[in-house]
Amino acid sequence: MKKKTKIKQIFLNNWALKLFSLIAAFLLWLLVIVVEDPEAEKSFYDIPVRLINTDVLEENGMVYEVLDKTDSVRSVTVTAPKTVRDELISSDIIAEADFSKLTVTNTVEINFYSLRYNDRISNITGSNAILKLNIEEKKTRRLALELSTTGAVEDGYIISNLSADQNRIEVSGPASVISRIATAGAVVDVTDSNSNISTYADVVLYDSEGKVIEVNNLTVSVKSVLVHVDILASKTVPVRYYIMGTPAAGYLYTGEIFAEPERVLIAGDSNVLAGIQAITVSAEELDITGCSEDLKKTVDLEEYLPEGVQFADKGFNGKATITVSIEPEFTRELRIAAGHIRITDVPAGYTVELENESASYLFSIKGLEESVNSLDVNTLYGNISMNTFMEDRNIEELEPGTYSVEVAFTLPGDMVSVQPLRVNIVISNPEEE
């Protein structure tokens with residue numbers, strides 16, 4: 001308790017004198033600051049380097065690339081009086097590289113100064129004072145612009161055409177970078193589209209492996225182009241082929257046409273497509289008159305497309321290759337039993353019979369080999385119509401006797417008889433007898 005009292009007395013004794021001394025010391029310190037204005041350091045951060053006289057390289061056909069991010073100084077330290085330091089801001093500090101002072105090692109010294117109070121700054125330094133450069137010969141290249149799309153249009157639609165307001169670009173820059181450029185392209189997203197598109201697309205540079213090349217150190221004549229995408233409705237329809245004419249004597253048309261394609265994908269206005277059910281090739285294109293072998297022909301299907309309609313498959317050249325099958329006639333000799341010859345339309349009161357009911361007859365037919373060989377003789381029947389017999393002779397009544405008549409056969413498909421089969425019939429009238 002006594003100790004606390006003693007300490008208290010130390011502070012309270014002559015307190016006025018002590019307060020005066022404190023105030024006097026502060027005023028003295030303030031006087032020194034104002035009069036002396038002492039120097040100290042102040043730092044400024046991320047100061048960009050101003051590049052001047054770069055045309056020295058450009059005039060000599062050279063281009064440069066700043067290395068290791070040396071075109072920005074992480075920190076600049078300024079030594080100056082307090083009154084100056086308090087006034088300075090980052091925009092006052094200048095870091096400058098003069099390209100006219102380029103060294104043989106492709107570096108430029110960075111000089112520092114202040115836009116204000118520069119004459120009152122005793123020292124100014126940066127964390128890095130060298131601008132490092134990669135200097136190369138400048139090259140220029142012209143490239144065709146390749147257009148492409150990404151995504152898929154709506155089902156039932158196709159992309160019919162791609163075009164741009166500019167199809168060539170010019171790129172300039174370091175020779176090493178220019179030599180890596182393989183193609184220039186612009187890509188448009190067409191996902192779920194069902195109508196024409198016009199939009200701007202960025203120009204992208206690619207190397208031979210399809211990797212994107214950055215354009216930071218390149219000069220490109222255009223950064224983007226206006227791309228037009230034509231989108232049409234599409235439809236798959238059959239191609240129909242017809243023939244005309246008759247092959248050479250002894251030859252037959254097999255009925256088979258081998259054509260490629262059999263179906264095509266067409267595109268156009270949806271209202272026009274609705275009325276198209278097939279592409280029909282004119283029979284005049286496939287005239288087999290006088291042919292003694294397969295007719296082979298190439299037809300341009302584009303001539304058969306209605307106006308405003310086109311082929312949707314870009315890989316299809318519009319040509320159809322067609323083969324019309326022609327074969328020699330094939331002959332086969334058949335034996336027809338008398339029981340397979342029928343006599344019809346016999347007038348009342350008359351009897352008509354084959355002269356030899358137990359005989360069999362040779363009958364030759366001709367046609368396509370496959371058809372002729374497949375014919376089952378057991379299913380083949382001939383017919384003798386007495387009405388036809390009487391009409392051919394222009395008679396109204398039959399006269400008994402023996403007559404030679406032609407047997408009529410109904411042959412399937414393209415088969416015909418080599419020559420008519422004739423047999424003898426016996427006509428009798430039992431009532432008169």
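A residue counts as buried when its relative accessible area is under 20%. In this predicted model, 33% of the chain's 433 residues count as buried. The chain has 8 helices and 28 strands.

**Overall shape**
- The radius of gyration of the chain is 53 Å, while a compact globule of 433 residues would have one near 22 Å.
- The C-alpha trace spans about 185 × 75 × 35 Å along its principal axes.
- Take the contacts between residues at least 6 apart in sequence: 77% of them join residues at least 24 apart.

**Surface and charge**
- The chain's accessible surface is about 26500 Å². Carbon and sulfur atoms account for 48% of that surface.
- There are 37 positive and 66 negative side chains. The centres of these two sets are 28 Å apart.

**The largest nonpolar core**
- In soluble globular proteins, nonpolar side chains tend to be buried together.
- The largest nonpolar core here holds 28 residues. Ile 341, Ile 384 and Val 423 have the most contacts inside this core.
- At least two core residues come from each of strand 21 (330-337), strand 23 (351-354), strand 24 (360-367), helix 8 (386-393), strand 26 (401-409) and strand 28 (421-428).
- Strand 28 contributes the most, with 4 residues.
- Leaving aside residues up to four places away in sequence, Ile 384 touches several residues, including Ile 341, Leu 354, Val 405, Val 423 and Ile 425. Arg 342 and Glu 406 are also among the residues that Ile 384 touches.

- Most residues other than glycine have a negative phi, and most peptide bonds are trans.
- Asp 192 is not a glycine, yet its phi is positive, at about 60 degrees. Asp 192 sits in the loop between strand 10 (183-189) and strand 11 (197-206). With a relative accessible area of 58%, Asp 192 is exposed, because exposed means over 50%.
- Asn 394 also has a positive phi, about 55 degrees, without being a glycine. Its loop runs between helix 8 and strand 26. Asn 394 has 71% relative accessibility, so it counts as exposed.
- Glu 260 and Pro 261 are joined by a cis peptide bond, with omega about 10 degrees. Pro 261 lies in the loop between strand 15 (251-260) and strand 16 (263-268).

- Pro 420 is in the loop between strand 27 (416-417) and strand 28.
- Is Pro 420 buried, exposed or partly exposed? Its relative accessible area is 46%, so Pro 420 is partly exposed.
- Pro 420 and Phe 409 are 11 residues apart in sequence, and their C-alpha atoms are 9.1 Å apart in space.

Key
Residues are numbered from 1 along each chain as its sequence is written. This is a predicted model: local features need pLDDT of at least 70, side-chain atom pairs count only at pLDDT 80 or more; totals for chains, interfaces and linings use all residues. Side-chain values use heavy atoms; hydrogens and water are left out. A nonpolar core is a set of buried Ala, Val, Leu, Ile, Met, Phe, Trp, Tyr and Cys residues joined through side-chain atoms within 4.5 Å. Buried means under 20% relative accessible area, exposed over 50%, partly exposed in between (1.4 Å probe, protein chains only). Contact means heavy atoms within 4.5 Å. The radius of gyration is taken over C-alpha atoms; the globule rule is 2.2 Å times the number of residues to the power 0.38. Accessible areas come from the Shrake-Rupley method with a 1.4 Å probe; for residues, only the protein chains shown count as cover. Lys and Arg count as positive and Asp and Glu as negative; His and the chain ends are not counted. The place of a charge is taken as NZ of Lys, CZ of Arg, CG of Asp or CD of Glu.
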